[in-house]
Amino acid sequence: MSSSSTLERLNENPVARPFVAIGNMAISGLTELGLVVQFFASAVALACRPPFRVTLLLNQMEFVGVGSLFIIMLTGTFTGAVFTLQTVNGLAQFNLESVVGTTVMIGVTRELAPVLTALMVTGRVASAMATELGTMRVTEQIDAMEVMAVNPVQYLASPRIVASAIMVPCLSMLFVAVAYAGAYIMAVPVLGIDEGAYISRIQEYVASYDVMHGFYKSIILGVLLATVGCYKGYNAAGGARGVGNATTQAVVISSISVFVLDYVLSALLMKFEPTYNAVSY
Amino acid sequence: MTDTTVVSVPDSPYAIEVKNVCKSFGPNPVLKNVNLKVRRGKTRVILGPSGSGKTVIMKHMIGLLKPDSGNILVDGVDITTLPHNELLNVRRKFGMVFQQAALFDSMTVGENVSFPLREHSVLSKEAIAEKVREKLGVVDLKNIEHKYPAELSGGMRKRVGLARAIVLEPSIVLYDEPTTGLDPLTTDSVDKMILDASKRLNVTSVVISHDVGSALLVADDIAVIHEGVIVEDVPAKEIRDSTHPFVREFLHTWFRKQ
Amino acid sequence: MNARTPLLVGLVIVAAVVSLTYFLTQSSNGKLDKSKSYVLYGDFSDAAGIRWKTRVQVNGLDVGRIEGIEHVRDSDGRLLARVQLRIDRKYDVYENAFLRKVAESLLGDFRLDLDPGTPGHRKLEEGEVIPNVQSTSDLEAIQSELRQVATNVNRVTDSVAKVLAGPEGEGALRQILASVERSVVAVEQTTYAVRETVQSNQALVNQMIADVHRFTNTLSDVSGREGEIRKITGNLAQLTERLNTLAGRLAEGEEGGEITETVKNLRETTENLASATRKIDQGDGTMGRLVNDNELVDSVQETVDGANTLIGSLARLQTQVELRTEYIVPFNGNSPYVDSGVRTSLGLRLIPRPDKYYLLEAVSDVRGDQSRRQISREFRDGRTGELIRSETEDNADTNFRALKFSVQFAKRYYFSTFRFGIIENTGGVGANFHWLNDRLELRVDAFDFTRRVPDQVSELVNPRFRAFFLYEFYDHLFAQAGLDDPFNADLRTWFLGAALRFTDEDLKSILPFAPTP
């Protein structure tokens with residue numbers, strides 16, 4: 001065991017110790033990332049293999065989609081309205097109030113709808129998934145499933161991830177719709193911006209690329225949050241406290257990942273959009 | 001999903017054979033060269049204090065864990081080298097009763113018991129309901145199909161757990177700490193349940209326990225495990241005569257309490 | 001599962017799909033799909049403010065959008081911003097169309113204003129460049145003019161301020177006024193004198209003007225010719241000099257004697273001129289013939305016209321030369337058919353439009369040609385004449401170093417160019433794929449479809465394929481590598497080489513089909 005003695009010596013060396021700690025952190029972080037990817041890959045592979053658990057999928061779709069409908073509607077409406085209210089002030093300095101709809105809708109379709117939807121769903125759904133699966137893990141329900149020759153990843157994770165991949169983009173699109181309504185109400189009746197200019201500016205400048213950009217992102221973000229939630233719950237250990245930790249970590253990690261992945265996806269998708277002459281990332 | 005390709009080797013007198021199994025978690029060795037045989041149709045109790053590695057042995061038997069070295073034979077078939085899908089077939093020979101029953105708390109008792117049937121058979125709804133009723137009858141429960149596990153007492157949950165474990169009519173039933181954390185009366189009823197089940201269903205049973213009293217009651221053979229090593233392996237009647245110091249101490253502590 | 005679950009889930013999905021389709025169809029670029037529009041280009045020297053999706057308007061109504069902007073080089077190698085416009089098919093654009101950048105707001109948003117031209121002219125087709133483009137917008141022009149005006153005003157006010165500053169400024173101003181007053185009086189006197197002179201010589205001047213008029217008319221007809229003209233212009237220079245002096249004296253108020261003399265001289269000169277032009281009119285001398293021979297003039301005109309058309313099409317036509325040389329190595333070192341060696345090709349591309357060209361190519365190939373000869377021998381008994389045995393021998397002569405020719409037509413779609421025609425003396429097709437702004441090219445050829453094994457005349461072998469990559473690592477210089485004839489084991493080779501490609505304008509003038517002007 002010369003390696004372990006080397007390790008011990010390194011740990012005692014005050015100069016080497018911080019580097020050892022950083023190295024360990026990096027290794028465990030990458031290992032965890034690899035495990036999440038592996039978990040996701042097996043969940044997807046199993047989702048494509050019989051038995052197809054349609055009922056479970058529908059239940060999860062109801063939980064993710066129908067259950068989150070209300071908070072998404074609420075968030076969407078207020079986002080549209082508040083964003084409009086704040087933007088108008090800036091644009092009024094250039095007499096450009098009529099482009100407020102464009103600004104808001106490009107912001108909503110490309111960024112706010114997918115990201116805020118993903119964050120709301122993370123708070124509601126990823127935490128619930130982590131808790132549910134975590135409880136099942138610590139009370140040996142997952143082991144029981146495995147003993148009964150039922151693949152728990154296929155039974156528990158696959159329907160959740162697939163449901164999220166379907167429902168999060170749906171919610172994101174509904175977010176766009178209600179944000180549009182919220183922005184319209186704020187802009188036209190409340191702030192008195194000319195309706196014709198407002199709508200025609202949106203039609204002129206908001207492109208299908210913008211809508212699709214957000215749509216694609218929301219699919220990936222939906223997959224992400226469900227994967228993190230399931231993974232954390234599935235690998236929970238240590239009783240009630242472990243479940244609590246898993247839930248917290250699921251929410252924190254998937255929220256951060258939503259932002260990071262959102263940036264990566266935006267940069268990536270822009271490469272495929274005909275944004276000539278635009279800022280490059 | 002009824003293609004049960006049961007590979008049985010009738011001339012082997014043992015349902016399970018654990019041969020020279022070693023297992024470590026990280027740097028900690030948990031099992032050190034364990035050898036254990038489970039006779040067909042008999043009840044084998046693995047006795048040991050917490051953290052002695054008995055649950056790890058059980059998880060090896062059912063293929064949830066793979067040994068670092070050594071083999072595990074179930075009905076003469078080495079399961080350590082089986083591919084995953086064949087391992088699933090082997091698992092159908094097993095029923096397992098978990099320490100806290102591990103009932104799915106999102107499902108009713110009926111759904112819990114019928115879960116393996118719904119997953120692995122093509123029986124009609126009526127046939128499934130009939131089978132559930134029958135198995136619940138085996139564990140002396142009636143008309144509780146529509147209750148949720150949270151509404152049941154610990155002993156009842158364990159019975160439902162057994163009903164779920166035997167619903168596919170396995171040849172081996174594993175019990176993980178069946179009497180831990182139960183009051184004496186319930187302990188008694190669970191012991192009775194184990195005895196009844198092995199008698200009525202004619203199954204091989206493996207019981208993991210640190211409860212010497214129920215071990216003496218239900219066992220045909222007893223193995224005592226201490227720090228990953230089997231220190232004693234004798235028929236149940238001979239356990240009291242053991243000369244091994246740890247076994248003596250372990251039993252002595254229990255008898256003193258009585 | 002709750003009985004309502006499928007219903008609720010379905011409702012959410014349907015609502016989402018409705019929302020998605022609504023926003024997709026609402027958005028602007030849904031309205032201009034590719035089948036209902038076409039692409040034109042405009043080359044701007046300044047495309048600032050023009051962006052993807054910028055609107056193109058006719059009379060203030062949208063007819064299209066900008067699809068993209070990229071740099072291109074014009075024939076002088078100057079960089080220009082080539083703007084790609086997608087125009088609604090309902091609007092035809094003609095050759096006399098005019099495209100300009102118009103400011104939409106003070107924030108630097110621009111749109112393109114298109115005057116589509118008039119139907120009398122040639123209609124521009126997909127992919128053509130709108131010839132008339134104005135890069136600077138009105139607003140920009142106004143802004144720069146305003147800037148200039150402001151500078152000027154500044155300068156004037158500065159100097160006025162300098163002049164007026166202090167007590168001496170007032171004195172200076174008074175002085176200026178006095179001298180201005182004096183000047184005005186002098187001018188008045190001068191104009192009076194001039195008027196007098198002119199009136200007294202009215203007739204003479206009139207005639208003079210008429211003569212000069214006629215002269216210049218004739219002159220304009222024969223401009224460019226030397227000889228007599230040099231003399232005439234010499235006289236004319238003298239004449240104007242004297243006129244100048246005359247005017248000077250008039251201004252100084254001298255008496256008219258000199259003037260009369262000058263005018264007399266002038267008259268003489270114009271008379272000379274008149275006689276010269278008369279001679280020309282009558283057709284005397286070379287110039288006269290040139291001027292009066294209508295047929296000659298017509299033919300010259302025709303020539304010029306022809307040259308114009310030719311120059312027009314030549315201006316569009318680009319000629320490119322491509323020189324490739326590569327070292328060939330057979331996979332099978334012992335192959336009886338191919339040897340390693342050098343292949344060189346010289347190609348000429350005639351490019352009438354950016355998206356198509358004709359390719360003429362000559363290849364000097366180490367692989368050469370195989371000609372086949374079949375020799376039959378019969379062995380007969382000397383006495384009976386009975387056939388003992390016969391044998392046939394296939395004799396392959398491999399003629400190393402053959403010169404082969406390719407003539408192909410090529411048309412480009414997006415990143416791929418498809419070619420067909422004759423490839424190395426046989427029929428064939430090919431394709432080029434371009435990536436990385438055309439710096440990387442994959443060329444694939446398939447030809448010689450009915451090929452036979454050199455020494456087994458009866459047996460067909462696989463057609464010849466060739467695939468290779470060309471990478472432009474430096475302007476005009478390419479590295480290349482590829483596979484030749486991969487489907488025939490004994491003929492399979494790989495090769496490495498270099499290529500040079502450049503646009504040669506001089507070639508245009510020596511093209512065999514271009515009539516020399």
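1. A residue is buried if 20 or more other C-beta atoms lie within 10 Å of its own, exposed if 12 or fewer, and partly exposed in between, with C-beta atoms placed from the backbone. By that rule, strand 1 (residues 37–44) of chain C is mostly covered, with six of its eight residues buried. Helices (H or I, at least four residues) and strands (E, at least two) are DSSP runs, numbered from the N terminus.

2. A word on the model. It is predicted: local features need pLDDT of at least 70, side-chain atom pairs count only at pLDDT 80 or more, and totals for chains, interfaces and linings use all residues. Residues are numbered from 1 along each chain as its sequence is written, while chains are lettered from A and ligands numbered from 1 in the order in which they are written.

3. Stay with strand 1 of chain C. Two strands pair if DSSP finds at least two bridges between them. Strand 1 of chain C runs antiparallel to strand 4 (residues 79–88) of chain C, and eight bridges join them. Across this pairing, Asp43(C) stands opposite Arg82(C). Strand 1 of chain C also pairs with strand 7 (residues 129–130) of chain C, in the parallel sense, over two bridges. There, Tyr41(C) has Val129(C) as its bridge partner.

4. Now chain C as a whole. It has nine helices and 22 strands. Of its 517 residues, 16% are buried. Two residues are in contact if their C-beta atoms, placed from the backbone, lie within 7 Å. In chain C, 54% of the contacts with a separation of 6 or more are between residues 24 or more positions apart.

5. Chain B has eight helices and 10 strands. Buried residues are 43% of its 258 residues. Residues 24 or more positions apart account for 69% of the chain B contacts with a separation of 6 or more.

6. In chain A, look at a helix pair. Helix 4 (residues 100–138) and helix 9 (residues 239–271) of chain A pack at an angle of about 150°, with axes 8 Å apart. Axes are lines fitted to C-alpha atoms, for helices over the stretch in contact, and angles run from 0 to 180 degrees between N-to-C directions. Angles under 35 degrees count as roughly parallel, over 145 as roughly antiparallel, 65 to 115 as roughly perpendicular and the rest as oblique. The two helices are therefore roughly antiparallel.

7. Which residues of helix 4 and helix 9 of chain A make the contact? Helix 4 of chain A supplies several, including Val115(A), Gly123(A) and Val138(A), and helix 9 of chain A supplies others, among them Gly239(A), Ala250(A) and Asp262(A). By class, this contact has 11 nonpolar, 11 polar and one charged residues. Ala, Val, Leu, Ile, Met, Phe, Trp, Tyr, Cys and Pro count as nonpolar, Asp, Glu, Lys and Arg as charged, and the others, Gly among them, as polar.

8. Chain A also touches chain B. The contact takes 10 residues from chain A and 16 residues from chain B. The chain A side has five nonpolar, two polar and three charged residues.

9. Check some backbone details. Pro50(A) and Pro51(A) are joined by a cis peptide bond, with omega about 0°. Pro51(A) sits in the loop between helix 2 (16–47) and helix 3 (54–92) of chain A. Glu140(A) is not a glycine, yet its phi is positive, near 65°. Glu140(A) counts as partly exposed because it has 19 C-beta neighbours inside 10 Å. Asn143(B), also not a glycine, has a positive phi of about 50°. With 9 other C-beta atoms within 10 Å, Asn143(B) is exposed.
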